[in-house]
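Me: I have a model open and a few things to ask about it. Can we go through them one by one?

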Amino acid sequence: MSTFASQFLQDAGRATDNSDQRRFIRTALGNYEIARDRHKGSFQDWQGARQLAAGIKWEAVNHLDKYLEQFVLKLESRGTKVHWASTGLQARETILQIVRKKKAHSIIKSKAMTSEEIHLNDALEKEGLQVVESDLGEFIVQLRHETPYHIVFPCMHLRRGEISALFQRELGSAPTNDPEELTMIARRVLRKKYITADVGITGANFAIADAGMVSITENEGNARLTAALPKTLITLIGIEKILPRLEDLALFLPMLATMGAGQQLTCYNTLYAGPRQPGESDGPEEWHVVLLDNHRTQLLADTEQRDALHCIRCGACLNVCPIFRNVGGHAYGTTYSGPIGSVITPHLRGLQDWKHLSNASSLCGACTETCPVKIDLHHHLLQNRRNAAQEKPAFLERFAYQIFSLLVTKPALWSLAKKMGRAMQPLHKIIQGTPLDPAKSWTQSRELPRLAPESFKDWWRKRR
Amino acid sequence: MTVTLFIPCFVDALFPQAGISMVQILERLGHKIVCPEAIACCGQPAFNSGYWDESRVVAVKVLEQLRDAETVVIGSGSCGAMLKNFYPGLFADTPHEKLAKAVSERTWEFSEFLVDKLGVTDLGARFPHKVTFHDGCHGLRELHIKKPPRALLSHVQGLELLEMTEAETCCGFGGTFAAKFPMISAAMGEVKCASAIETGAEYIVSNDSSCLMQIQGLLSRQGNALKTIHLAEVLNQE
C-alpha cells in the first residue's frame, strides 16, 4: 500500500468517526442542492445545455493545439507575455523569475486551484516573499496552514465560531459570530495588502481563444482588486481551460454559477484582455500568463478519459458524492478532491500511488449524472482500477479473484462452497470480531447475512 | 414466452426467496422459466476491482449459457447493469463481442421487464404495510429504472409508499467497496438508514438484494426493527 493510501485510510476513518462534522457538511450541501436545483430550472432544457457544453468542451479539448495558438497570438498582440510550463516546477520557476525581476516583496493572490496544484505559495514563501490569499475562504485556510477543503468552497468545513477564534488568534480581532463582521475583519487586513502588493497572482476560469481573453468568475471582487492594483499581474492557467469563442460564455458562466455555488450568476464576471493599454486608467503595467501542462497532455493522449479535461472546476461532483460528503475534502490528500480528483489525480501524480482514490468509490454514478459537461466520471474510476490492476496486479487480490472465478464457473464447486459456508456459519459466531474473523471488515460495523438453509438452486433442482 | 432467469450468486446463497418469488410471479403470468444451472455469478466483483481477465472467465460462461435465451431477466439492478452495460465493453475486440451485445439487448431487470416489456403493473399482490423504496444506484443510473418499481408498488393492496429524502443516495454497498473501505461504506449506510427510519416505514423495499444486505446489516447492528425486503417478495404476497 502506498503511503498516500494508508494516509487516506487513516484520515477517512477519522472523518467518518466524526458524525457531528458529517452532519454539518451534509446540511451545507443539502442547502446548496436546493439552490442549485432552483437555478437549473432557469435553463429551458438542462439536459440540452449539458449536451451543448460537453460538445463545446469536446471541440476545445480535441483541437487544443489550434485554440491555444489562437489564444496566445491574440494575447501577445496586446502586449501580454505568455509562458509555457510543462511541469509544476517549470511554472514555479517562471513565476519566481518574474517576481525576482520585479524585486517584489509582497504578493496578493486570488483563488487558483492550479496554484495549489503546483504548491506555489510554498515556493514563493521559501523565496522570502509574503503571500496573502485574498479570497475570504482561502484566506481563512491559509491562516490555518491548511489546503482548501473544496474546489469552490475552501473553508466550508469550518463553523463561524472557529473562524472567529482563528481571527482573534491570528489577527487580534474581537470575538464575533456575525458573518458580516468576520468578513469586515478579513477585508480590513486585505485592503492594505492590495495596495502594498508588488505582484498580483490569479487563476482563470476560462481562456477564450477567439478573443484572447481570460474570464474570471468570483463573488467577492477580490480577483478584480488583485488584477487591477499591483503593477505586475501573473495569471496561471491550466491549458484545458480553453473555450473556443467569446459567445460560449453565455452558456458557461450561468452553468458554472449554478453548478458551482447554486447561484444564477456569480457576482463578478470579468474579462481580461491585456495589460494597461495607452490611455487606459487602470490595470497592471505588465501581464504574464503562464500556461500549465503538468501532465494534462498525458491525459489528452488517453482517448478513453480525455473528457476529464472538460472539467470547469465547478465542484458539483463533490457536492453530490456520498464519499466526499462523508470523508470530506482533506481526506483525499490531493488538490482536486471528490470524483473528479479521484479520476485525474492518478494522471497528475501517478497511478500506483493514487489508485486508492479510484477504489474508494461505490460507483454510484451520482457524479456522472450531475456533471454539467458530461464527464463520464464513475466509469473513469473503473478504468483507473483496470489500468492499475493490469499494470501491477496485487498478487493476493488477483489470486482471490482466480479462486472466485473457479468457484462460480464450476456448479459442483459452487454448491460445495455453499455447503461448507453453511457448516462454518455457527463457528463464525465464535470468531466474529476477532482477528481470526475473515469477514471482519464487514462485521465490524454490520451484521453478516445468514446463508439460506436451502439455496435458490437447491430449491430449483428439487422442484424439477 | 420462455424467460431465462438469471439468479445472482448472493440471491442464490443468501436471499433465495427473492428468486423464488420471481419464478412464481412470472409463472403465474404464464411464462415458462428456465434457470441455467451453470450460471452462478455475472463476474462483477472482479470486474469492479479492475481484474478484467478474471471477470471474463466468469462472464464467458454466462454468455455461453445465455446464447440461445430468448429473454433474460435479472432480479438485481447491479448484475443487470453488468450484463447490459458492461459486458459489451468487457468483450470489446474479443470473439465474444457480438454475443455480448446480443445478450445485452435481450436482458431486462425484473421490474422493468414486468412494466416496460410486459405492460403489467398490477400483480394482485397484498402487503398491508408502510414501505419506503431504495433506488439501487446501478438500477437507477446505469439502467435508468426509476418508475417501474414504483408503478408496481402503487398497485399493491394495502401498501403505503413513503418516499425517503435519500431514496437516490447510495447505501454504501458498492460490492467490494463495502469490505475495502468499511468505515466509509458504513457511514454512507447510516445516512441511508436514518433517512428510511425518518419516514416511519416498516419495510425498506428495493429491487437489489445486495443493497438490502448492506442496509439490513446496519439496521440489525443498530438493533432497529425496520426490515428489508426485495420487491419481488412484496409482489408475491397475497
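Me: Where is A:H119 placed?

Reply: In the loop between α6 (113–117) and α7 (120–126) of chain A. Keep in mind that this is a predicted model.

Me: What is phi of A:H119 near?

Reply: Phi of A:H119 is near 50°, a positive value in a residue other than glycine. Most residues other than glycine have a negative phi.

Me: Is A:H119 buried, exposed or partly exposed?

Reply: Its relative accessibility is 45%, so A:H119 counts as partly exposed.

Me: And A:N294, what is its phi near?

Reply: Near 45°, which is again a positive value in a residue other than glycine. A:N294 is in the loop between β10 (286–292) and α13 (296–301) of chain A. With 11% relative accessibility, A:N294 counts as buried.

Me: Switching to aromatics. How many aromatic pairs are there over all chains?

Reply: A search of the whole structure gives 21. One of them is A:Y149 with A:F324: the ring centres are 6.0 Å apart and the planes are at 70°, so this pair is edge-to-face.

Me: Which residues form an aromatic cluster with A:Y149 and A:F324?

Reply: A:F8, A:Y332, B:F177 and B:F181 form one aromatic cluster with them.

Me: What about charges over rings, where does the charged end of A:R349 sit?

Reply: Over the ring of A:F4, 5.8 Å from its centre. In chain B, B:K227 lies over the face of B:Y203, 5.1 Å from the ring centre.

Me: Last topic, helix packing. At what angle do α20 of chain A and α4 of chain B pack?

Reply: About 10°, with the axes 8 Å apart; the helices are α20 (residues 395–409) of chain A and α4 (residues 52–66) of chain B. That angle makes α20(A) roughly parallel to α4(B).

Me: Which residues make the contact?

Reply: From α20(A), A:R398, A:Y401, A:Q402, A:S405, A:V408 and A:T409; from α4(B), B:E54, B:V57, B:V58 and B:K61. By class, the contact of α20(A) with α4(B) has 4 nonpolar, 3 polar and 3 charged residues.

Conventions: Residues numbered from 1 in each chain as written. Chains lettered and ligands numbered in written order. Predicted model: local features only at pLDDT ≥ 70, side-chain atom pairs only at ≥ 80, totals over all residues. Heavy atoms only, no water. Phe/Tyr/Trp six-rings, centres within 6.5 Å; stacked < 30°, edge-to-face > 60°. Lys NZ or Arg CZ within 6 Å of the ring centre and 35° of its normal. Helix = DSSP H or I, 4+ residues; strand = E, 2+ residues; numbered from the N terminus. Buried < 20%, exposed > 50% of the residue type's maximum accessible area, 1.4 Å probe, protein only. Axes fitted to C-alpha atoms, helices over the stretch in contact; angles between N-to-C directions. Parallel < 35°, antiparallel > 145°, perpendicular 65-115°, else oblique. Contact = heavy atoms within 4.5 Å. Nonpolar A, V, L, I, M, F, W, Y, C, P; charged D, E, K, R; others polar.
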